[in-house]
Amino acid sequence: MSSKSFKTMIVQETDTGHYTKIISQKTLDDLPLGDVLIRVHYSSLNYKDVLSTQGNRGVTRSFPHTPGIDAAGIVEESTSKAFRTGDSVLVTGYDLGMNTSGGFAEYIRVPETWVVPLPVNLALRESMMYGTAGFTAGLSCHRLINHGLTSDQGRILVSGATGGVGSIAVAILAKMGFQVTAVNGHHDRTDYLKSIGASSVISIEDAMDNSSRPLLEQKWAGVVDAVGGNLLATALRSVQRHGIVTTCGNVGSADLATTVYPFILRGITLAGIDSATTPMDLRCIIWGKLAGEWKIPQLNTIAKELPNLESLDKEIDKLLNHQRTGRAIVKVVS
Ligand SMILES: NC(=O)c1ccc[n+]([C@@H]2O[C@H](COP(=O)([O-])OP(=O)(O)OC[C@H]3O[C@@H](n4cnc5c(N)ncnc54)[C@H](OP(=O)(O)O)[C@@H]3O)[C@@H](O)[C@H]2O)c1
């Protein structure tokens, strides 16, 4: 009996070493073995997906490949005792969309250990409005709050704030009562940043110091950084005594030039965030908060919906050309 076919994005390498995206068909037999077959209702576009579509071998080793590190949908078949046909679930991270056929397709098949039951009070669509970016923002805010930061201790700096991780971090922290200073992107998006909860906005240039001074004025109680490079290095030198800086991204640079002085003279903490491998117990705690006390009213301002897989192409170009704000989710089932 022939296996069911379904719609999917496929990225392929051309003879000239370039990469093209096509919307095509695969069959269920093309999917990897796994415990849970999920009919994908929504996926979302993350920075890592863009890297995969560009042929970045640090993200995806071999092509043809279906990207999409996020997926939310309904269980269609399950050999796992934890999940039954008809359950609403989401998957973010692990190897999904990297070297495992991803969420830019009507079906994924994954190990049960990757699957999160959809939290109550969260629709499938809303879960992808957060997606990996929102989950990462949640992990970053969790680190700040667990560090003991309270809103009376000073301002929080969020970099990459016009993007996915940054926008959601701004909105969660504002909801928690923090005064948030957002770092703009390449274009002035002050109105957008204020509409999602930033109380002040600075430029990328203003957030970076080029001097060799090992310590700077103590401006921030905490920092959520998604940019890396000099912006992160400056944040380390500008955070208050015993403050905390989280690092999750490298859109600016993967380099980090620092001395030990912020650590040994101010006792600051640098906290690394890796959403993809977050253990399931913490994963469920963060998703519960995103659906509960942290649920942000600005989700519809931050995330827009693309009607189909075909529309991802233009959105990827926009992201590469610094022409978008917030996040994009994609409706996969028609
Ligand atoms: N560790 C993890 O678990 C994890 C999870 C999710 C994301 N990430 C990483 O976090 C980073 C942000 O992800 P995202 O999904 O939020 O990406 P995104 O939506 O593309 O947002 C990137 C943000 O950074 C800004 N930006 C880009 N280049 C910059 C530069 N050179 N200097 C300063 N700002 C710059 C962008 O502004 P413009 O649009 O104006 O350029 C935008 O505000 C990426 O590196 C991603 O790989 C890591």
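Tutor: The C-alpha centres of domain 1 and domain 2 lie 29 Å apart, with domain bounds that come from an automatic or database domain assignment. This is a predicted model, in which local features need pLDDT of at least 70 and side-chain atom pairs count only at pLDDT 80 or more, while totals for chains, interfaces and linings use all residues. Residues are numbered from 1 along each chain as its sequence is written.

Student: Which residues make up domain 1 and domain 2?

Tutor: Domain 1 covers 5–118 + 298–331, and domain 2 covers 133–272.

Student: How many residues of domain 1 are in contact with domain 2?

Tutor: Contact requires C-beta atoms, placed from the backbone, within 7 Å, and by that criterion 10 residues of domain 1 are in contact with 16 residues of domain 2.

Student: Why is the ligand said to lie between the domains?

Tutor: Both domain 1 and domain 2 give residues to the shell around the ligand, so the ligand lies between them. Of the 31 residues around the ligand, those that come nearest are Gly160, Gly163, Gly185, Gly249 and Ser275, a residue being near if its C-beta atom, placed from the backbone, lies within 6 Å.

Student: What makes helix α5 mostly covered?

Tutor: A residue is buried if 20 or more other C-beta atoms, placed from the backbone, lie within 10 Å of its own; in α5 (residues 229–238), 8 of the 10 residues are buried, and the helix is therefore mostly covered. Among the buried residues are Leu231, Leu232 and Arg237.

How values were computed:
Two residues are in contact if their C-beta atoms, placed from the backbone, lie within 7 Å. A residue is buried if 20 or more other C-beta atoms lie within 10 Å of its own, exposed if 12 or fewer, and partly exposed in between; C-beta atoms are placed from the backbone. Helices (H or I, at least four residues) and strands (E, at least two) are DSSP runs, numbered from the N terminus.
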